[in-house]
Amino acid sequence: MKFFIDTANLAQIKEAHDLGVLDGVTTNPSLMAKEGIKGDAAIIKHYEDICEIVDGDVSAEVLSTDYHAIIEEGKKLAAIHPNIVVKVPMIKDGVKAIKWFTDNGIRTNCTLVFSAGQAILAAKAGAAYVSPFIGRIDDTNWDGIELIAQIAQIYTLQGFKTEILAASIRNALHIVKCAEVGANVCTCPLDSILGLLKHPLTDIGLAKFLEDAKKM
Ligand code: E4P
């Protein structure tokens, strides 16, 4: 399973990259706004900066919702760097645009996916990635992990090539569960990635080893 970081914060991207386990980055308009990125030039520069840090896929989301506008915007985003993957929302015009991008050699990440039906449509349109939002599903008292498992089963059975990019990750357990049920990628906040490191017995064991090392 690949690890992406779900942020537009350059310091956090660098920290995850320096850990040596980072395969890519996902952003969205909320994450970009949080970093104060405003206007076309600043947006392009920010994606360039991210691509400088990470040698892997970087999802850049379109802001348009109309078919022709999505295509125009997606072409501009894809031209920024070969690692840019155009992130397109799961709406009717979005699916049509994903098919256009697929036919024209531009890779896409279909975002805001909350059902297996939507995941089938994204795969049929040729999306490189499909992004089911686990945490937001959990928030509605459904099981986000179950959706990942269902999509994984369908994609395997049907031979779809689209990669399942589990999104809206809230904790380290989500990451473990995603790996268990067959997600191809997990995009996580830095805290969730670092959460994988933690175990109290590791801390207790290390403290004891360091104590005993003084007797060596
Ligand atoms: C990723 O591609 C999504 O934009 C992101 O994971 C959404 O996460 P959130 O539900 O924590 O906002």
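1. In this predicted model, Ser-168 sits in the loop between S7 and H9. Its phi is positive, at about 55°, although Ser-168 is not a glycine. Ser-168 counts as buried because 21 C-beta neighbours lie inside 10 Å, where 20 or more are required. Ser-168 is also one of the residues around the ligand.

2. A positive phi occurs at Asn-141 as well, with a value near 70° in a residue other than glycine. Asn-141 belongs to the loop between helix H7 (134-139) and helix H8 (144-158). Asn-141 has 6 C-beta neighbours inside 10 Å and therefore counts as exposed, the limit being 12 or fewer. As background to both residues, most residues other than glycine have a negative phi.

3. The shell around the ligand includes Asp-6, Thr-26, Asn-28 and Thr-111. By class, the shell residues divide into 7 polar, 2 charged and 2 nonpolar.

4. The strand pairing on either side of S7 may be set out in order. Strand S6 (residues 129-132) and strand S7 (residues 163-166) run parallel and are joined by 2 bridges. Within this pair, Tyr-129 has Glu-163 of S7 as its bridge partner. S7 is in turn joined by 2 bridges to strand S8 (residues 185-188), again in a parallel arrangement. Here the bridge partner of Ala-166 is Cys-186 in S8.

5. Which residues of H5 are buried? They are Gly-94, Val-95, Ala-97, Ile-98 and Phe-101. Viewed down the axis of H5, these buried residues fall within an arc of 160°, so they line one face of the helix. The face turned away from that buried side carries the exposed residues Lys-92 and Asp-103.

Methods: Residues are numbered from 1 along each chain as its sequence is written. This is a predicted model: local features need pLDDT of at least 70, side-chain atom pairs count only at pLDDT 80 or more; totals for chains, interfaces and linings use all residues. A residue is near a molecule or strand if its C-beta atom, placed from the backbone, lies within 6 Å of it. Ala, Val, Leu, Ile, Met, Phe, Trp, Tyr, Cys and Pro count as nonpolar, Asp, Glu, Lys and Arg as charged, and the others, Gly among them, as polar. Two strands pair if DSSP finds at least two bridges between them. Helices (H or I, at least four residues) and strands (E, at least two) are DSSP runs, numbered from the N terminus. The arc is that of the directions from the helix axis to the C-beta atoms.
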